[in-house]
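Here are my notes on the model, point by point. Please read them with the structure open.

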Amino acid sequence: MEPLQLYDFLPSGNCYKIRLLLTQLGIPFERVEVNITKGETRSPEFLSKNPNGKIPVLEIEPGKYLSESNAIMVYLSEGTEFLPYDRFLRAQVLQWLFFEQYSHEPFIATARYWISVLGKAEQYKDALEEKHKGGYAALSLMEEHLKTHTFFVAERYTIADICLFAYTHVANEGGFDLSRFPHIKAWIERVKAESRYISITEEL
């Protein structure tokens, strides 16, 4: 089996989701580093792969590309233990994937990007207040859910956990205080204990 090609930026949580899932599924892949801070996703070559100019992009076979991290995760997890077959449970997984992209990632990931990737916390000081407000709202909802659940869906590890874990476990890099969320912290440790776990900074 030829390795898949993952167009990737190492610090990106959206890319990390795919690296983690591919590793845990045992699917061989090769990373192609695309530095978003240098505008490399805006090159004609990259735009021919994803006209939206964003990473990650997964080359499934020569010339066949898939973008949007959570869509890629659904594609990869079809027929595996990472995506339930039951219609209701499957819809619950999708519910959390949509929540992550709409109510979680825009706040937690953006704050982390401004502070830890660009190093411009002072420049974005006022905007960060709003990002922190939205991010804490998302974390509070997750904390409440995890008070009575081991994982997000069906009491087992699924792509719902992977998608939420990616930016949550490094939320401190965006100025968020995770000590306020003991159930999230315990869940983070459960995710890290899963087999074939890799860290967000691990180059494969």
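1. Ser77 is buried, with a relative accessible area of 0% (buried is under 20%, exposed over 50%, partly exposed in between, with a 1.4 Å probe and protein chains only). Ser77 sits in helix α3 (residues 69-77). Beyond residues up to four places away in sequence, Ser77 touches Phe82, Leu83 and Ile159 (contact means heavy atoms within 4.5 Å).

2. A word on the basis. This is a predicted model, where local features need pLDDT of at least 70, side-chain atom pairs count only at pLDDT 80 or more, and totals for chains, interfaces and linings use all residues. Residues are numbered from 1 along each chain as its sequence is written, and side-chain values use heavy atoms, with hydrogens and water left out.

3. The sheet is open and has 4 strands, in the order β2-β1-β3-β4, with mixed pairing. Strands (E, at least two residues) and helices (H or I, at least four) are DSSP runs, numbered from the N terminus; two strands pair if DSSP finds at least two bridges between them. β2 (29-33) and β4 (64-67) stand at the edges with a single partner strand each, so one side of each has no neighbour in the sheet. The twist averages 25° from one strand to the next.

4. Strands β1 (residues 4-8) and β3 (residues 57-61) run antiparallel, joined by 3 bridges. Leu6 has Leu58 in β3 as its bridge partner. Helix α3 packs on the sheet and touches β1, β3 and β4, at about 120° to the direction of β4 (axes are lines fitted to C-alpha atoms, for helices over the stretch in contact; angles run from 0 to 180 degrees between N-to-C directions).

5. Aromatic pairs come to 13. Rings of Phe, Tyr and Trp (its six-membered ring) pair if their centres lie within 6.5 Å; planes under 30 degrees apart are stacked, over 60 edge-to-face, the rest tilted. Phe165 and Trp187 are edge-to-face, 6.1 Å centre to centre with 75° between the planes. Phe165 is in helix α6 (residues 159-168) and Trp187 in helix α7 (residues 182-192), so the pair ties together parts 22 residues apart in sequence. Phe165 is buried, at 0%. Trp187 is also buried, at 0%.

6. Phe151 lies in the loop between α5 (125-146) and α6. Phe151 is buried, with a relative accessible area of 8%. Arg190 lies over the face of Phe151, 5.9 Å from the ring centre (CZ of Arg or NZ of Lys within 6 Å of the ring centre and within 35 degrees of the ring normal).
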